Structures are given as C-alpha cells and as structure tokens.
Amino acid sequence: MTTSTQWQLARESAERYQTILTPTILGPFAQALVDFAQVQQGERVVDVGCGTGAAARYAAEVVGSAGHVVGIDVNASMIDVARSLSAEAGVPVEWREADAADLPLADSSVDVALCAQTLQFLAKKQQSLSEMERVIKTSGRLALSLWCPLVDNPYFAALVAAVSEHVSPATAVGLRAAFALSEAADIERLLQSAALRPTRREVGQLDLPLPPLAEFVPRHISATPMAAGFRAASRPEQQRVVGEVITSLSQYEANGRWRIPFRSHMILIDRLV
C-alpha cells in the first residue's frame, strides 16, 4: 500500500485538517512562531507552506491594516480552505498557490518569512530556504519551526507506534514524515548548506489540552495521510490503536482531562544580526 508523506490533502481532508488539527495542535504552534518572530504592526509577512493559514491569519491580526500578509502553499485544497476562512473572519490575507522553491514574490519584498512545520515536507529544502532569504529585506527575518524528534513528542510517538503495530508500518509513514527533519544536527547542516546562520534558537514546549482521546485519535487520523490505511483496517485493529495510545499516555490524564506536551524547534535568522 502506498502512503503519502507529502500531506497533499484533498478538499475534504483539508477541511478535516483545519477543524481537527489546527485548533488543537497546529494553531497554537503557528501562533507561537509568529510571536517568536516578533512580527510587528505594519510589517509585510509571507507564510510559506501556510496550509489552511493559521500563522498567516494570526500574523494579519498583528500587522493590522498598515501591514500585508501573503499565504503560500502548493496544495490548492489547503489554499481554498484558507481563503474561505479568511473571508468569513474578515482577515485580509492574500492567498497564493505556489511552490516554496519558486516563490511568486519580488526580491527584498517582505519583512518576515514564516515557515511553520513545512520545511520537512519539501523536496527542495535548500532551494526553498534560499527563496525565503531572497524575498526578505536586508533588515528582515526568517522564522522556522520543525517538530523535535518523536521521542520528545509523546502523543505523536504513541500514535506512530500503535498504528505501526496494529495497522501497518506503511500507514504510520504518513505521520512519521512530519519528523523527517527533527534532529538538531540535521537542521544545522541544512541551514549551513543554504548559508543561513541562526541568530536565535530554542525548543518551544506547549502543554496542550486535547479532547478525550477515544474520540480524538480516530478523528486526528482521518485528517492525515494515514486515513486510508486506518479505514481499511478491521474494527478490532482500529480499537487496539486507540486503546494503546490511551494507555501509553495515561500519565497525562487527570480527572478525564488530557494535557500533553508537544515540543518544536524554533529558529530565527535575523539578517541584521
């Protein structure tokens, strides 16, 4: 069975991604990256690999009417969902469908380039980084976030282990792909190859409240490339996946409420430093 590792989701899956993953996990980390980049009122910002637009929408609130935000993603379904959400909320963001390795922006045209949990999925990582550097001003900033290794992210680790054991390792590849660039040494080598020198780096941890896992785990899977493999599994196999995740994470549950730590690398390249 072939499992996508690129998260090129169809419209229905992109909508599930937005309604399930963004409020619980990805949205809080997208906002954390905008804050880490110290986006200011009036600045011009590009969100590269914007997905359904969590970082772009938050950045637009920060920059206000004097600023400008562009959200760029290669996935048309993600852009469609992002555009519809922006219109509903009245948040002015320009949405563009394009490849991160060929950004449709002029040289030195933005103050801040954001790349939230996207670089690990890109086939042309070094070229994409060079494009991000090209479009920021000489006084600009590039801010990246990438998940820390699976061992440092207990929810994801438990889910990958359970899906691998009770469905198939091939199905779990769809989530493992999010950790393809999670080791600090590998990130450093990539940045060096693109002639980028971080001026600030840290591990950001957010202890996030998740819905009851018996409900959330299958919903989460439905919004990822693991969905088809999980649906094809038998009902007992699906139940074993959910049960194992709950057991593995029992230390993070109290009085029926779950609060689980998630950890991400946060990297800033400030061209003035």
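Author: What follows takes confidence, the pocket, and then some residues in turn. The model is predicted.

Reader: How much of the protein scores a pLDDT of at least 70, and what is the average?

Author: The average pLDDT for the protein is 93, and 96% of the residues reach at least 70.

Reader: Where does pLDDT stay under 50?

Author: The general idea comes before the case. Where pLDDT is low, predicted coordinates should not be read in detail. Here, residues 1-7 stay under 50, and the model has 24 contacts for them beyond four places in sequence.

Reader: How do I read a pocket?

Author: Empty space is shown by rolling a probe the size of a water molecule over the atoms. In this model the largest pocket has a volume of about 740 Å³. Its lining is made up of 43 residues, and those nearest the centre are Tyr17, Gly49, Gln117, Thr118 and Phe121.

Reader: Which helices and strands each supply at least two residues of that lining?

Author: The helices are α1 (11-36) and α2 (54-63), and the strands are β1 (44-48), β2 (68-73) and β5 (136-147). Helix α1 gives the most, with eight residues.

Reader: How many residues of the lining are nonpolar, polar and charged?

Author: The lining of the largest pocket has 25 nonpolar residues, 14 polar ones and four charged ones.

Reader: Gln117 was named among the residues nearest the centre. Where in the chain is Gln117 found?

Author: Gln117 is in the loop that runs between β4 (110-116) and α4 (125-135). Gln117 counts as buried because its relative accessibility is 12%, under the 20% cut-off. Its phi is positive, about 55 degrees, although Gln117 is not a glycine.

Reader: What can I compare it with?

Author: Take Ala195, another residue other than glycine with a positive phi, in this case near 60 degrees. Ala195 sits in the loop between α7 (184-193) and β6 (200-210). Is Ala195 buried or exposed? At 66% relative accessibility, which is over 50%, Ala195 counts as exposed.

Reader: How do I read a helix?

Author: An α-helix has 3.6 residues a turn, so residues three or four places apart point the same way. With that in mind, look at α2, which is mostly covered, with eight of its ten residues buried. The buried residues are Ala54, Ala55, Ala56, Arg57, Tyr58, Ala59, Ala60 and Val63. After α2 comes Gly64, which has a positive phi near 70 degrees.

Reader: What does Ala55 touch, leaving out residues up to four places away in sequence?

Author: Ala55, which is found in helix α2, touches Ala30, Val34, Asp47 and Leu114 on that count. Ala55 is buried, with a relative accessible area of 3%. As for distance, Ala55 and Phe230 are 175 residues apart in sequence, and their C-alpha atoms are 29 Å apart in space.

Reader: Which residues does Thr52 touch on that count?

Author: Thr52 lies in the loop between β1 and α2. With residues up to four places away in sequence left out, Thr52 touches Ala14, Tyr17, Gln18, Thr22, Arg57, Met78, Val81, Ala82 and Leu85. Thr52 counts as buried, at 2% relative accessibility.

Reader: Thr22 is one of those contacts. What does its side chain do?

Author: The side chain of Thr22 makes a polar contact with the side chain of Gln18, at 3.3 Å. Thr22 belongs to helix α1 and counts as buried, with 9% relative accessibility. Beyond its neighbours within four places in sequence, Thr22 is in contact with Tyr17, Gly27, Pro28, Thr52 and Ala54.

Reader: Where is Leu175 found?

Author: Leu175 is in helix α6 (residues 169-176), and it counts as buried at 2% relative accessibility. Its C-alpha atom is separated by 20 Å from that of Lys124, 51 residues apart along the chain.

Notes:
Residues are numbered from 1 along each chain as its sequence is written. This is a predicted model: local features need pLDDT of at least 70, side-chain atom pairs count only at pLDDT 80 or more; totals for chains, interfaces and linings use all residues. Side-chain values use heavy atoms; hydrogens and water are left out. pLDDT is the predictor's confidence in each residue, from 0 to 100. Contact means heavy atoms within 4.5 Å. On a 1 Å grid over the protein atoms alone, a cavity is a set of points where a 1.4 Å probe fits but cannot get out, and a pocket is an open set with protein on both sides within 12 Å along at least five of seven lines; lining residues have an atom within 4 Å of a point. Grid points are joined across faces, edges and corners, and a volume is the space filled by probe spheres set on the points. Helices (H or I, at least four residues) and strands (E, at least two) are DSSP runs, numbered from the N terminus. Ala, Val, Leu, Ile, Met, Phe, Trp, Tyr, Cys and Pro count as nonpolar, Asp, Glu, Lys and Arg as charged, and the others, Gly among them, as polar. Buried means under 20% relative accessible area, exposed over 50%, partly exposed in between (1.4 Å probe, protein chains only). A polar contact is a pair of N or O atoms within 3.5 Å; within protein, one must be able to donate a hydrogen and the other to accept it, and residues adjacent in sequence count only if both atoms are side-chain atoms.
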